[in-house]
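Please consult the sequence and the structure while reading.

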Amino acid sequence: MPVPSAEFKKAIKQLTDKEKEALLLKAVRRDAELYDIVAFELLDIPVEQLVEETSEKIHDLMYGLTGRSLSKSLTRSLRKSIKEIARFKKVTKNVKGEVDLHLFLLRLIFQNFTGQFDSFYKSFYTATARLLLKTAQLIKKNLDEDYFVEYEDEINEYLEAIHSRRKPLSFVLPETFEAVK
């Protein structure tokens with residue numbers, strides 16, 4: 001992300017309100033993410049509403065699968081869902097909402113798609129394990145210790161399900177998630 005120079009800031013200050021408005025509208029028409037950021041800031045959209053909208057997008061991505069191989073389609077949908085969560089994080093800077101969306105996605109996977117872990121293509125299994133690891137790391141790094149207990153049982157259940165497959169991973173996934181930092 002470029003850092004605005006002193007000349008740039010000075011040029012912005014010299015613009016009239018009408019010119020600033022036109023420039024802002026032109027910029028948000030070109031960049032959907034910028035539009036979301038500006039809308040979130042200006043319209044006071046509640047974070048809960050954005051969590052709900054993002055979870056609906058994730059649900060649609062995970063159930064709107066196309067292609068010949070279900071495992072490959074799930075991997076593609078999982079990656080798109082993770083991008084939606086990253087977009088939510090960029091717009092809101094809300095770590096708790098990000099963790100909740102990660103857990104929503106993991107819940108969808110473990111309630112509906114664990115049969116695909118045994119597929120010949122291990123990309124879905126690996127991507128799910130990476131998401132689980134990232135979620136556990138986010139909780140420990142960015143959230144208050146009070147949330148650890150709230151998420152501990154669910155994370156441990158998913159870790160147990162991943163480890164029960166006995167498939168090799170190229171990274172270390174912990175056996176359990178402890179509620180201690």
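## Overall fold

The model is a predicted one. Its secondary structure consists of 8 helices and 0 strands, so that the order of elements from the N terminus reads α-α-α-α-α-α-α-α.

The C-alpha trace extends over about 65 × 45 × 30 Å along the principal axes. The radius of gyration is 20 Å, whereas a compact globule of 181 residues would have a value near 16 Å. Buried residues make up 34% of the 181 residues. Among contacts with a separation of 6 or more, 66% join residues 24 or more positions apart.

## Packing of α5 against α6

Helix α5 comprises residues 70-92 and helix α6 residues 95-112. Their axes lie 9 Å apart and form an angle of about 165°. Angles over 145 degrees count as roughly antiparallel, and α5 is therefore roughly antiparallel to α6. The crossing of α5 past α6 is right-handed.

On the α5 side, the contact is formed by L78, S81, I82, I85, F88 and K89. The α6 side contributes V95, G97, E98, L101, H102, L105 and I109. Sorted by class, this contact of α5 with α6 contains 8 nonpolar, 3 polar and 2 charged residues.

## Serine 81 within the α5 contact

S81 is a residue of helix α5 and belongs to the contact with α6. Is S81 buried or exposed? Its relative accessibility is 0%. Because buried means under 20% relative accessible area, S81 counts as buried.

Leaving aside residues up to four places away in sequence, S81 touches I58, L61, M62 and L105. Of these, L105 is also one of the α6 residues in the contact with α5.

## Packing of α6 against α8

Helix α6 also packs with helix α8, which spans residues 145-163. Here the angle is about 30° and the axes are 12 Å apart. The crossing of α6 past α8 is left-handed.

Which residues make this contact? From α6 they are K96, V99, D100, L103, L106, R107 and F110. From α8 they are Y147, E150, Y151, E154, I155, Y158, A161 and I162. By class, the contact of α6 with α8 holds 10 nonpolar and 5 charged residues, with no polar ones.

Methods
Residues numbered from 1 in each chain as written. Predicted model: local features only at pLDDT ≥ 70, side-chain atom pairs only at ≥ 80, totals over all residues. Heavy atoms only, no water. Axes fitted to C-alpha atoms, helices over the stretch in contact; angles between N-to-C directions. Helix = DSSP H or I, 4+ residues; strand = E, 2+ residues; numbered from the N terminus. Parallel < 35°, antiparallel > 145°, perpendicular 65-115°, else oblique. Left-handed = near helix turned anticlockwise from the far one by under 90°. Contact = heavy atoms within 4.5 Å. Nonpolar A, V, L, I, M, F, W, Y, C, P; charged D, E, K, R; others polar. Buried < 20%, exposed > 50% of the residue type's maximum accessible area, 1.4 Å probe, protein only. Rg over C-alpha atoms; globule rule 2.2 N^0.38 Å.
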